[in-house]
Amino acid sequence: FELSEQCLGCLGDTVDITGWIEEFDSTGLWSDTVTEINIGDHPADSSFTVTLPPFGPITPLPVTTGLLANPSLAEAYEGVLVQVTGVAAVDPDVGFGEWSITDGVHIDNKMFDFGPVTPGDTFSTIVGVLDYTFDDFKLQPRDAADFSGYAPAVQPIEAVAPGDLIITEFMADPGLSCA
């Protein structure tokens with residue numbers, strides 16, 4: 001089949017796919033399989049259509065980080081746009097540009113790189129497509145809008161290095177009105 005030059009899979013597009021789902025491990029070495037939707041091997045039985053204009057935004061499915069941290073439960077949400085709420089950054093560098101949040105859930109930068117985080121940074125919500133790579137389920141946020149309610153962690157005073165704190169005013173006796 002032929003794909004036109006229109007935008008394929010743009011945010012908000014409705015995409016109709018006819019094909020077959022296959023779980024496979026081409027090497028035989030992985031402990032888990034990879035899920036794939038096949039649409040190209042048998043053109044008579046496959047199709048890919050982008051319906052424009054879009055029919056509105058896709059609503060992410062609310063899930064918990066506990067669910068995503070459990071591989072036997074997370075498998076059912078692979079490829080689904082999900083949303084976690086009330087989470088905090090735990091490990092700012094789990095390798096390959098990824099970082100982790102509550103319950104050890106990894107945030108990947110495959111589609112969008114949020115930038116550096118600090119342990120304790122919080123988010124009211126993070127939205128992303130649940131992906132499975134390198135024996136781990138990971139959230140793949142699509143853009144900056146998938147992160148909301150960001151609040152940087154409060155750094156303890158002992159984390160301040162010489163020169164980081166500048167005192168610009170000193171009140172030797174502020175009086176009772178400044179209690």
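**Note on the predicted model**

1. D146 is buried, with a relative accessible area of 3%; here buried means under 20% relative accessible area, exposed means over 50%, and partly exposed lies in between (1.4 Å probe, protein chains only). D146 forms a salt bridge with R142, whose closest N and O atoms are 2.7 Å apart. A salt bridge is a side-chain nitrogen of Lys or Arg within 4 Å of a carboxyl oxygen of Asp or Glu. R142 is partly exposed, at a relative accessible area of 24%.

2. This is a predicted model, in which local features need pLDDT of at least 70, side-chain atom pairs count only at pLDDT 80 or more, and totals for chains, interfaces and linings use all residues. Residues are numbered from 1 along each chain as its sequence is written, and side-chain values use heavy atoms, with hydrogens and water left out.

3. The protein chain has two helices and 11 strands. These are DSSP runs numbered from the N terminus: helices are H or I with at least four residues, and strands are E with at least two. From the N terminus on, the order is β-β-β-β-β-α-α-β-β-β-β-β-β.

4. Of the 179 residues of the protein chain, 25% count as buried. Its accessible surface comes to about 11,600 Å², and 59% of this belongs to carbon and sulfur atoms; the areas come from the Shrake-Rupley method with a 1.4 Å probe, and for residues only the protein chains shown count as cover. Among contacts (heavy atoms within 4.5 Å) between residues at least 6 apart in sequence, 56% join residues at least 24 apart.

5. How many salt bridges does a search of the whole structure find? There are three. In one of them, K138 pairs with E98, the closest N and O atoms being 2.9 Å apart. The pair links distant parts of the chain, K138 being in strand 10 (residues 136-140) and E98 in strand 7 (residues 98-101), 40 residues apart. K138 counts as buried at 4% relative accessibility, and E98 is buried at 7%.

6. K110 and D131 also meet in a salt bridge through their side chains (2.7 Å, N to O). K110 lies in the loop between strand 8 (106-107) and strand 9, and D131 lies in strand 9, so the pair ties together parts that are 21 residues apart in sequence. K110 counts as exposed at 54% relative accessibility, whereas D131 counts as buried at 17%.

7. The structure holds 10 aromatic pairs. Rings of Phe, Tyr and Trp (its six-membered ring) pair if their centres lie within 6.5 Å; planes under 30 degrees apart count as stacked, over 60 as edge-to-face and the rest as tilted. F123 and F147 form a tilted pair, 5.7 Å centre to centre with 50 degrees between the planes. This pair links distant parts of the chain: F123 is in strand 9 (residues 122-133) and F147 in strand 11 (residues 147-148), 24 residues apart. F123 is buried at a relative accessible area of 2%, and F147 is buried at 9%.

8. Ring pairs link W99, F112, F114, F123, F147 and Y150 into a cluster.

9. A nonpolar surface patch of about 430 Å² is made by I157, V160, L165 and I167. Patches are made of residues with over 30% relative accessible area and no salt bridge, like charges being joined within 9 Å and nonpolar side chains (Val, Leu, Ile, Met, Phe, Trp, Tyr) within 5 Å. V160 is found in the segment after strand 11 and is partly exposed, with a relative accessible area of 36%.
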